[in-house]
Amino acid sequence: MSAPAPSAWQRRITGEWHGRPSLFDATGTWCGFEDIRRSSAFEDGGTVYRMDGGLEGGGPLAGRFRLAAPFAFAVTDADDNRIYHGPDFHGTGQPYGSFVDAHYYGPGWQVDLNTWNHVLPDGETQVYSSVLYQGWTVVGCFNGLYRRTIGAGADDPATRAAIDAHLAAETRSGPVPWILPTKRSGAFRGTCEVWGADQKPLGTVEVEDRLTPLDLLRTEHRVRWTGAGVDRAFTVVRRRDGTREFWEGPGAWGNAQAFGRANYPVWHFTDGDVHKVKGREFALDATPGMTASGRLAVTWELFGGNVLAAVVHGVLGWEET
C-alpha cells in the first residue's frame, strides 16, 4: 500500500540507529550482545525496514538468535498502525507520539516479540526492548540504547567517534542489573507525555516518586501523578529478589521482571477502580559498581480493567534528599 508521505513516526526515526543491545534469558541472566544497525527508508510511497548485525555470545540461546543474513521487511506506514508484511517480521505496531508498541512474529528467530521503542526528547537516543515469547511464555529479552546518524554525516570523524563511544558504553553497561538506591532517600521527578488509547495527545503529567529505603531489599515509594486526567497518589513497598521484584501494598500490588537495566512491572491498584499498569523502567545512567540513581526513561500503559486507557512516557531525574 503506497502513501503520499511518511508518517510522523517514520519522520521521527529517519536515519540509521546504532546499538549493542544485550540478550537475556527468561530468568534475567545476561547472555551476550547483538551488534545491530537499523534503518528504515520511505521510498516510492512505501517503507522498507532493514537490520544488519550479529550476535556475540548468547549461551544456549545462540542457536536460536544467531542468523547468517540481515533482516528486511516491508512496512505499511501510517500514523495509526504500522503493519509489517515480512518476509522477516509479520505483525503491527501502534505509535503514541515518540513511543511505539509493536507486536509481531519473527520466523528466523521463531519467537513472538513485543517491542517497545521510545525516542527520547533529544531526538537522537532511542530506548529499545524486545521481549521474546514462545506462545505465552517468555524465553528472553533484548534491550539497550540506540544512537542515530543521518546520511553522509555518519562518516564525519566526530560523529564516528561519538558512535564508537556510545557502543563502548553499551558494552560496559549492558549487563548491569536493575537496582534502585538502597541506602539513600530521594525522588525521581519529571514531566511525561500522556496519550490516549486513540493515539491522540492528552497533555502532560507531573510525576514524583519518593523513595525511602527500608533495608537493602525493600523501599517505600510515595508516588504522585498530577495532570492530563491521570491524577493519582499512592504508597507502595517494593521488594527486590534478584532480577524479580514485588509490589506489596498498601496502594498497589504486583510484580516485575528485570532484564539488565530495564525493569518490566505490572501492578494493580487497590482503590476499587479496576486500574492496572504495565510498564518499562530503564536506568539510563546505570554503570558497573555499587551505585544506583540517575535518569529513568519510563513508559507506562494504563488500563481500565483490561482495556487500554492511556500511555505515559518520559524521562525522570533523580534528586537525593
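A residue counts as buried when its relative accessible area is under 20%. Keep that cut-off in hand for the ring pairs below. The model is predicted.

Start with the aromatic side chains. Searching the whole structure turns up 25 aromatic pairs. Take Phe 73 and Phe 89. Their ring centres lie 5.2 Å apart, with the planes at 80 degrees. Planes over 60 degrees apart count as edge-to-face, so this pair is edge-to-face. Phe 73 belongs to strand β5, residues 71-76. Phe 89 sits in the loop between β6 (82-87) and β7 (90-96). The two parts are 16 residues apart in sequence, so the pair ties them together. Phe 73 and Phe 89 are both buried.

Phe 234 lies in strand β15, residues 232-241. Trp 267 lies in strand β18, residues 262-269. Phe 234 is buried, as is Trp 267.

Return to Phe 73 and Phe 89. Both belong to a cluster linked by ring pairs.

Arg 232 places its charged end over the ring of Phe 269, 3.8 Å from the ring centre. Lys 276 has its charged end over the ring of Phe 303, at 5.4 Å from the centre.

How values were computed. Residues are numbered from 1 along each chain as its sequence is written. This is a predicted model: local features need pLDDT of at least 70, side-chain atom pairs count only at pLDDT 80 or more; totals for chains, interfaces and linings use all residues. Side-chain values use heavy atoms; hydrogens and water are left out. Rings of Phe, Tyr and Trp (its six-membered ring) pair if their centres lie within 6.5 Å; planes under 30 degrees apart count as stacked, over 60 as edge-to-face and the rest as tilted. Helices (H or I, at least four residues) and strands (E, at least two) are DSSP runs, numbered from the N terminus. Buried means under 20% relative accessible area, exposed over 50%, partly exposed in between (1.4 Å probe, protein chains only). A charge sits over a ring if NZ of Lys or CZ of Arg is within 6 Å of the ring centre and within 35 degrees of the ring normal.
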